[in-house]
Amino acid sequence: MAKLSVNDLEKIKTESAPAIAFQDRTYCLICGGTGCHATGSIAVKIALEQEIAAKGIADRVKVVETGCNGFCALGPLLVVHPGDIFYQKLTGDDIPELVESQLVKGQTVERLLYKDPVSKKRIACQNDIPFFAHQMPRALRNKGLINPEDINDYIGRDGYFGAARALFEMTPEEITEQMKISGLRGRGGAGFPTGVKWDFARKSGGADKFVLCNADEGDPGAFMDRSILEADPHAVLEGMVVAAKAIASNQGYIYVRTEYPLAVRRLGIAIDQAKEYGLLGEDILGSGFDFNIDIYQGAGAFVCGEETALMRSIEGRRGMPRPRPPFPAHKGLWDRPTILNNVETFANVPQIMLQGGAWYASVGTETSKGTKVFALSGDVNNIGLVEVPMGTPLRQIVYDIGGGIPKKKKFKAVQLGGPSGGCIPEQFIDTPVDFEAIVKVGAIMGSGGAIVMDENTCMVD
Amino acid sequence: MIPDTPPEHPDITPEMWTDINAVITANHRRPGAVITVLRECQDVVGYLPVELIDYISDGLDISSSEVFGVASFYALFSMKPKGRHLIRVCTGTACYVKGIKEVMSRISNTYKIKEGGTTEDRRFSLEGVRCLGACGLAPVMVVDRDTHGAISSDAVIDVLHKYE
Ligand SMILES: Cc1cc2nc3c(=O)[nH]c(=O)nc-3n(C[C@H](O)[C@H](O)[C@H](O)COP(=O)(O)O)c2cc1C
Ligand code: SF4
Ligand code: FES
């Protein structure tokens with residue numbers, strides 16, 4: 001495959017449009033995140049493919065393995081398009097009936113649909129399920145919709161057009177300006193304004209700057225970054241390309257936990273495909289700009305998620321934090337100017353380039369703009385991945401999206417921010433999701449792990 | 001420089017030495033490669049014997065105290081032999097809420113093995129690890145490369161039975 005130009009990118013997008021809109025055939029989107037793999041989605045996928053072949057409908061039905069769909073508690077999951085029909089907790093035994101009824105006759109299979117725990121009614125359409133209906137996917141805009149191992153799917157959904165704009169139409173200063181207008185604050189925990197961080201590194205002189213991505217996700221109850229990497233790895237790569245142009249860097253590293261083998265594999269595939277298309281490497285899209293990304297696997301030390309420790313670890317040393325200043329924007333990896341951002345932070349960047357900082361800032365609160373991804377787990381009915389506008393009350397996350405507490409138990413608290421965070425009790429459950437508001441009630445936003453505890457869970461342990 | 005002849009070691013076969021040499025050669029001039037080399041060599045042998053660490057330090061031209069320092073810092077690296085199967089139990093909060101403590105003690109009692117330890121017959125090693133990022137399946141146990149979710153203390157021994 002020859003290196004692409006922006007015209008080629010347009011061509012790929014046009015060609016894949018019917019498939020992206022699910023217009024040219026029926027699509028069976030099977031969830032293939034770590035969660036669903038563990039509950040048996042691979043066996044379901046194989047059974048589905050065999051049954052489709054046996055019925056002779058393979059020419060009009062396509063099976064696609066996507067990344068994490070988000071509703072992890074109900075895996076293995078299958079969504080059929082057109083129609084957005086949501087099937088849950090499938091086994092290989094369900095497949096013959098499902099294929100005959102849904103794919104041959106076009107009739108939904110009632111018993112495999114989602115059952116609302118409150119109304120006890122079955123809901124067919126994914127977007128009518130309260131868990132999905134209250135969400136606003138931005139960082140997760142491609143989750144469950146594309147094959148993460150096929151770059152054409154990503155391009156079909158506007159992939160790499162944000163980078164193209166940054167490379168051809170914007171100066172580094174204009175990029176950091178849009179990032180500042182967006183109000184995006186780091187999603188790794190500290191909430192530092194991303195545009196400001198990039199601007200520091202842009203102004204630091206010298207060559208050999210670095211762009212690093214923090215995928216060492218280690219807070220308990222946090223699986224947002226893993227899911228993004230497994231479902232949409234190119235979004236992170238594209239965000240890094242934009243950052244590289246902004247600060248004039250030619251080399252990036254993604255620091256990933258070694259406990260995330262599927263994320264490492266999909267990132268590797270994504271990097272290879274991007275290089276083949278000339279979206280990474282030398283002279284990206286013919287812009288004259290060079291940028292490479294390598295994966296670096298961590299070795300199991302919680303502290304390496306901290307930025308200076310992470311840089312030492314990439315240098316092959318003991319991952320010990322060092323005092324700041326000097327700040328990494330001046331002296332980071334190998335003492336060169338360096339920026340480090342979280343996975344979710346980078347995943348937001350392509351759309352900000354494409355739609356503008358003001359678009360991103362159009363939702364949220366005064367000091368916290370845009371959306372935030374949470375990993376909802378613990379004593380809550382709908383365990384999974386949730387993306388909501390900043391300012392959403394915690395109550396809505398726990399009850400409307402999370403479906404409340406199982407077994408008619410009472411809500412006790414929700415832990416945010418991992419071990420260094422805190423538990424938010426019943427009386428503060430109307431607190432909006434906002435960096436400052438959460439600190440006021442004794443917790444921190446953290447990276448997005450939200451662990452719900454019922455009345456029986458002891459908080460002291 | 002990679003030594004001409006590798007040392008004798010009961011747990012390292014000639015084929016393993018070939019793989020180890022390949023790992024060292026591929027990373028020799030790459031700055032900061034020592035963690036990658038340790039990880040890949042541990043994948044080959046199963047753990048990092050002292051002789052292997054010395055060998056790596058010669059091969060990468062890094063002082064052995066530096067390599068030891070790095071190897072002892074990171075939880076992933078073990079200088080003691082491991083069992084044939086590695087059981088990793090999540091100790092994250094979500095798994096705690098869902099009852100991982102009972103699962104852990106059932107494994108400990110059944111196989112007479114402590115957290116961080118290895119059974120005498122070297123069948124299992126047991127480790128508690130920070131959140132595995134599969135909280136949707138909590139409580140979670142990973143055996144070798146298989147993730148087992150929603151694991152109860154009653155079911156866990158049945159699952160482990162299959163790992164000889
Ligand atoms: C002990 C410790 C662990 C951390 N772990 C992570 C982590 O796993 N992922 C992450 O993105 N940030 C983590 N951070 C925050 C990073 O130091 C850094 O602020 C962040 O990666 C910057 O990216 P952002 O501005 O996009 O959030 C950790 C910080 C500390 C002090
Ligand atoms: S992954 Fe566990 S696995 Fe752990 S806290 Fe999160 S759910 Fe435990
Ligand atoms: S892994 Fe399947 S829904 Fe998350």
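Buried denotes a residue with under 20% relative accessible area, exposed one with over 50%, and partly exposed one in between, using a 1.4 Å probe and protein chains only. Helices (H or I, at least four residues) and strands (E, at least two) are DSSP runs numbered from the N terminus. The model is predicted: local features need pLDDT of at least 70, side-chain atom pairs count only at pLDDT 80 or more, and totals for chains, interfaces and linings use all residues. Residues are numbered from 1 along each chain as its sequence is written, chains are lettered from A and ligands numbered from 1 in the order in which they are written, and side-chain values use heavy atoms, with hydrogens and water left out.

**Figure 1. Strand β13 of chain A and its two antiparallel partners.** Strand β13(A), residues 411–416, is mostly covered, with five of its six residues buried. Two strands are taken to pair if DSSP finds at least two bridges between them. Five bridges link β13(A) in the antiparallel sense to strand β15(A), residues 449–454, where A:Ala450 is the bridge partner of A:Leu416. Strand β14(A), residues 422–425, also runs antiparallel to β13(A) and is joined to it by four bridges; here A:Ala413 stands opposite A:Pro425. The hairpin of β13(A) and β14(A) has five residues between the strands, and in it A:Gly417 takes a positive phi near 85°.

**Figure 2. The parallel open sheet β9-β8-β7-β10 of chain A.** Four strands make up this sheet, and their pairing is parallel. Strands β9(A), residues 292–297, and β10(A), residues 338–342, stand at the edges with a single partner strand each, so one side of each has no neighbour in the sheet. From one strand to the next the twist averages 20°; axes are lines fitted to C-alpha atoms, for helices over the stretch in contact, and angles run from 0 to 180 degrees between N-to-C directions. Strand β8(A), residues 251–256, pairs with β9(A) over six bridges in the parallel sense, and A:Tyr253 stands opposite A:Asp294 of β9(A).

**Figure 3. Strand β7 of chain A, covered on both faces.** Six of the six residues in β7(A), residues 210–215, are buried. One side carries A:Phe210, A:Leu212 and A:Asn214, and the other A:Val211, A:Cys213 and A:Ala215. Parallel pairing joins β7(A) to β8(A) through six bridges and to β10(A) through five. A:Phe210 has A:Gln251 as its bridge partner in β8(A) and stands opposite A:Thr338 in β10(A).

**Figure 4. The mixed open sheet β2-β1-β3-β4 of chain A.** Four strands form this sheet. Its edge strands are β2(A), residues 61–66, and β4(A), residues 85–87, each of which pairs on one side only. Neighbouring strands are turned by 20° against each other on average, direction ignored. Strand β1(A), residues 26–31, pairs with β2(A) in the parallel sense over six bridges, with A:Cys31 opposite A:Thr66 of β2(A).

Figure 5. Contact means heavy atoms within 4.5 Å. Leaving aside neighbours within four places in sequence, A:Met179 is in contact with A:Leu184, A:Thr194, A:Gly195, A:Trp198, A:Val349, A:Ile352 and A:Met353. A:Asp199 is 20 residues from A:Met179 in sequence, and their C-alpha atoms are 9.5 Å apart.

**Figure 6. Helix α3 of chain B and its cover.** In α3(B), residues 50–60, the buried residues include B:Leu52, B:Ile53, B:Tyr55, B:Ile56, B:Ser57, B:Gly59 and B:Leu60. Their cover includes α1 (14–27), α2 (34–45) and α4 (64–73) of chain B. Just after α3(B), B:Asp61 takes a positive phi of about 55°. Chain B as a whole comes to seven helices and four strands, and buried residues make up 52% of its 164 residues. The C-alpha trace of chain B spans about 55 × 30 × 25 Å along its principal axes.
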